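Please look through the sequence and the 3D structure shown below before reading the report.

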Amino acid sequence: MNEDEMSMGIGRPPGDRKQTMVKSLWIGVWLAFMSAPIKDLADGAHTAWVTALGTLGLVVFVGCYLLLVFRPSPRMLGPVQVGIVLAFLGALAVTLSLTLGSPWLVLFVYVSVSAGAALPLRAARWLIPASVAVLTGIGLTAEHPREIITALVFPALLGGFSMTGIRQMILTTIQLREARATVAQLAANEERLRLARDLHDLLGHSLSLITLKSELAGRMLPGHPEQAAAQVADIEQVSRQALVDVRSAVTGYRRPTLPGELAGARTALAAAGIAAAIPAEPPEDLPEKAEEVLAWALREAVTNVVRHSGARSCEVTLAPRQTLDGRVLELTVSDDGRGASGTAPGNGLTGIAERLATVDGTLTTRAANTRSGKGFTITLSVPAESGLGSPE
C-alpha cells in the first residue's frame with residue numbers, strides 16, 4: 001500500500017458520535033480565522049451585489065475546505081479530485097482577495113492547511129510555501145502590507161506544516177497497526193505449525209505401529225489366534241497411549257498463561273479506549289494449576305471491564321502476600337466504572353469462584369469507591385510456592 005492509498009484512509013467517516021465531535025472541534029478551531037471576511041461583508045463597505053457574490057464565494061470556499069479536511073467518505077475524492085478541489089480553493093482565494101480587499105487574504109491560511117491535510121508530504125512541502133508566497137505578493141499591494149503579512153504568514157506556514165506532521169503521524173499509526181496485525185497472524189500461523197509438528201511427532205509413530213500390528217494380527221488370526229489376540233491387546237495399549245498424548249498436547253495448547261493473558265488484557269483495554277496499568281511479567285515459580293486459574297480469571301475480569309463497566313481506567317496488580325494461612329499470590333482488577341449492577345453474582349464470577357475452589361483460592365469483590373458505590377474491584381488469591389519471594 002503506497003502513501004496515496006493510505007492517505008485515503010485518513011478521511012474515513014468518524015466511527016461514533018464522540019469521534020465526530022472531536023473531529024468537528026478540531027476543524028472548527030481553524031474556522032475562527034473566517035471572522036475577518038465575515039466582518040468585511042457585514043460592515044456594508046460593498047454594494048449589495050458584491051456582498052452577495054462575496055457571501056456565495058465564501059460559502060463555496062468553506063464547503064470545499066470542509067470536503068478536503070473532513071472527507072465524509074474515504075473513496076469520495078481520489079488524488080486527482082483532491083488536486084482539482086485544492087486548485088479551485090487557491091483560485092477562489094486569489095480572486096476574492098484581489099476583488100474584495102486584504103481581509104480576504106486569510107483564505108490562504110485555509111489553502112495552506114488544506115494542502116497539508118490532503119496532499120502527500122512530497123507535494124505539500126512545496127505547495128504550502130507557494131501559497132504563502134502568493135499571500136505575500138498580494139499582501140504587498142495592500143495599505144498596510146507589513147502588518148498584514150506578519151499576521152498571516154506565520155499561521156499559514158504553521159497550519160500547513162502542522163497538518164503534514166499530523167498526516168505523517170496518522171500514516172505511521174496505520175503502518176504500525178498493520179504491522180501488529182501481521183505479527184499476530186504470523187504468531188498464530190507459527191502456533192498452528194507447532195501444534196501440527198507436535199501431533200505429527202505424537203501420532204506418527206503410534207499410528208505406524210498400530211498399522212503394522214493390525215496387519216500382523218490379520219496374518220496370525222487363522223493359524224495362531226492366541227498370538228493374534230496378543231497383537232490386538234498391544235494395538236489397544238498403543239492407541240490408548242496415543243489418545244492420552246493427544247489430549248495432553250491439546251490441553252497444553254489451549255491452557256492460558258499469565259504472561260499471555262496480561263498481554264491480551266493490555267491489548268483489549270487499549271482497544272476499548274480504557275487507560276490501563278498492568279504489570280509486565282508475573283512472578284516466577286507459580287504452580288501450573290494456580291497460574292491457569294488466575295489466567296482464566298484475569299481474562300474474565302478484563303472482559304467484564306471492557307463490555308459492561310463503562311470505565312475510563314483499569315488497574316491490574318499481581319503480587320505475593322503473606323497471610324495467616326501462608327503465602328498467597330493476589331490478583332486484583334479494579335476499574336472506575338459504574339460498579340456492580342445487582343446483588344447476585346453473574347455467571348462469570350461464579351465460574352471464577354468454581355475454578356478458584358479447585359486450588360483452594362478465594363474471591364472477594366467490592367466497590368472501588370465505597371462512598372459513591374462506583375467502580376468495581378475483584379481480588380483473587382491462590383496459594384503460592386516459596387519461590388515467589390517475600391512480599392513488599
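## A lysine in helix 8

Lys213 has a relative accessible area of 17%, and because residues under 20% count as buried, Lys213 is classed as buried. This lysine belongs to helix 8, which covers residues 145-220. When neighbours within four places in sequence are left aside, Lys213 is in contact with Gln231, Asp234 and Ile235. The model in which these values were computed is a predicted one.

## The chain as a whole

The protein chain contains 12 helices and five strands. Of the 392 residues in the protein chain, 35% are buried, and Lys213 is one example of a residue in that class.

Contacts can also be sorted by how far apart their two residues lie in the sequence. Among the contacts in the protein chain between residues at least 6 apart in sequence, 69% join residues that are at least 24 apart.

## How helix 4 and helix 5 pack

Two packed helices are described by the angle between their axes and the distance between the axes. For helix 4 (residues 48-70) and helix 5 (residues 79-100), the axes come within 10 Å and cross at roughly 150°. Angles over 145 degrees count as roughly antiparallel, and helix 4 and helix 5 are therefore roughly antiparallel to each other. The crossing in which helix 4 passes helix 5 is left-handed.

On the side of helix 4, the contact is made by Val50, Gly54, Gly57, Leu58, Val60, Phe61, Cys64, Tyr65 and Leu68. Helix 5 contributes Val82, Val85, Leu86, Phe88, Leu89, Leu92, Ala93, Leu96 and Leu100 to this contact. Sorted by type, the residues of the contact of helix 4 with helix 5 comprise 16 nonpolar, two polar and no charged residues.

Helix 5 also holds Ala91, which is partly exposed, with a relative accessible area of 41%. The C-alpha atom of Ala91 is separated by 9.8 Å from that of Val111, although these two residues are 20 residues apart along the chain.

How many disulfides does the count come to? A disulfide is a covalent bond between the sulfur atoms of two cysteines, and with a cut-off of 2.5 Å between those sulfur atoms the count comes to zero. Cys64, which takes part in the contact between helix 4 and helix 5, is buried, with a relative accessible area of 15%. Cys314 also counts as buried, at 3% relative accessibility.

## The surroundings of Val305

Val305 is placed in helix 11, which runs over residues 288-309, and it counts as buried at 3% relative accessibility. Not counting residues up to four places away in sequence, Val305 touches Leu269, Ile274, Gly310, Ala311, Cys314, Val333 and Asp335. Val305 and Gly375 are 70 residues apart along the chain, and their C-alpha atoms are separated by 9.9 Å.

## A positive phi in a loop

Where is Asp360 found? Asp360 is in the loop between helix 12 (347-357) and strand 4 (362-366), and at 65% relative accessibility it counts as exposed. Most residues other than glycine have a negative phi. Asp360, by contrast, has a phi near 60°, which is a positive value in a residue other than glycine.

Technical notes
Residues are numbered from 1 along each chain as its sequence is written. This is a predicted model: local features need pLDDT of at least 70, side-chain atom pairs count only at pLDDT 80 or more; totals for chains, interfaces and linings use all residues. Side-chain values use heavy atoms; hydrogens and water are left out. Axes are lines fitted to C-alpha atoms, for helices over the stretch in contact, and angles run from 0 to 180 degrees between N-to-C directions. Helices (H or I, at least four residues) and strands (E, at least two) are DSSP runs, numbered from the N terminus. Angles under 35 degrees count as roughly parallel, over 145 as roughly antiparallel, 65 to 115 as roughly perpendicular and the rest as oblique. A crossing is left-handed if the near helix is turned anticlockwise from the far one by less than a right angle, and right-handed if clockwise. Contact means heavy atoms within 4.5 Å. Ala, Val, Leu, Ile, Met, Phe, Trp, Tyr, Cys and Pro count as nonpolar, Asp, Glu, Lys and Arg as charged, and the others, Gly among them, as polar. Buried means under 20% relative accessible area, exposed over 50%, partly exposed in between (1.4 Å probe, protein chains only).
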